[in-house]
Amino acid sequence: MYKKILLPTDGSKYSQKAEEHAIFLAEKTDAEIFALSVIENNFSIGLPEDSVDEINQLLKDETKENLSKVNELKDQLNNNIKITPLLKEGSPAAVILDVAEEENIDLIVIGSSGKSGFDRFLMGSVASKVVKSAKCSVLVVN
């Protein structure tokens with residue numbers, strides 16, 4: 001049923017649960033996982049350039065670590081599924097949707113943000129934006 005699964009990961013506990021679900025589904029359906037970590041870089045407006053470079057490097061290191069954790073989990077579970085790591089910059093929801101379309105993804109497995117109430121109303125969440133706009137199925141994991 002699924003041949004390509006997109007797994008956005010940010011290192012949160014919700015992402016870790018989504019990783020487990022994605023690996024399970026990939027194993028059962030012989031799908032490939034595209035593990036995506038997005039560097040959100042809209043913070044840089046008005047900061048000195050040297051500070052922006054330093055922060056960008058820290059964010060890149062963190063996103064690489066998030067991607068390596070997906071492979072570690074796969075190895076712990078002794079799975080032979082194929083995982084393609086992707087590291088992108090931009091707005092997380094937009095990047096997730098773009099990658100889903102570019103890679104012809106069948107399923108997006110995404111962790112919920114855990115936000116609720118007024119915060120969710122004001123900001124929205126990456127997961128809800130993806131659910132509303134994705135052209136493929138989306139599994140949101142709590």
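1. Let's begin with the second largest pocket of this predicted model. Its lining is made up of Leu97, Asp98, Ala100, Glu101, Asn104, Ile105, Ile108, Ser133, Ala134, Lys135 and Cys136. On a 1 Å grid over the protein atoms alone, a pocket is an open set of points where a 1.4 Å probe fits, with protein on both sides within 12 Å along at least five of seven lines; lining residues have an atom within 4 Å of a point. The volume of the second largest pocket is about 170 Å³, a volume being the space filled by probe spheres set on the points, which are joined across faces, edges and corners. By class, its lining holds 6 nonpolar, 2 polar and 3 charged residues; Ala, Val, Leu, Ile, Met, Phe, Trp, Tyr, Cys and Pro count as nonpolar, Asp, Glu, Lys and Arg as charged, and the others, Gly among them, as polar. Helix H3 (residues 92-102) gives the most to this lining, with 4 residues.

2. A word on conventions. Residues are numbered from 1 along each chain as its sequence is written. Local features need pLDDT of at least 70 and side-chain atom pairs count only at pLDDT 80 or more, while totals for chains, interfaces and linings use all residues, and side-chain values use heavy atoms, with hydrogens and water left out.

3. Now the overall layout. The protein has 5 helices and 5 strands, in the order β-α-β-α-β-α-β-α-α-β from the N terminus. Helices (H or I, at least four residues) and strands (E, at least two) are DSSP runs, numbered from the N terminus. Of the 142 residues, 39% are buried; buried means under 20% relative accessible area, exposed over 50%, and partly exposed in between (1.4 Å probe, protein chains only).

4. Buried in H1 are Ser15, Ala18, Glu19, Ala22, Ile23, Leu25, Ala26 and Thr29. These cover an arc of only 170 degrees around the axis, so they lie on the same side of H1; the arc is that of the directions from the helix axis to the C-beta atoms. Exposed Lys13 and Lys28 sit on the face turned away from that buried side.

5. Helix H5 (residues 126-133) has Ala127, Ser128 and Val130 as its buried residues. Their arc around the axis is only 160 degrees, which places them on the same side of H5.

6. Two backbone spots deserve a glance. Most residues other than glycine have a negative phi. Asp30, in the loop between H1 and S2, has a positive phi near 60 degrees and is exposed at 64% relative accessibility. Asn104, in the loop between H3 and S4, has a positive phi near 55 degrees and is exposed, at 59%. Asn104 also belongs to the pocket lining from point 1.

7. Finally, two buried residues. Ser112 lies in the loop between strand S4 (107-111) and helix H4 (117-123), and has a relative accessible area of 11%. Its side chain makes a polar contact with the side chain of Asn142 (2.8 Å); such a contact is a pair of N or O atoms within 3.5 Å, where, within protein, one must be able to donate a hydrogen and the other to accept it, and residues adjacent in sequence count only if both atoms are side-chain atoms. Phe34, in strand S2 (residues 32-39), is buried at 5% relative accessibility. Phe34 and Ile83 are 49 residues apart in sequence, yet 5.8 Å apart in space, C-alpha to C-alpha.
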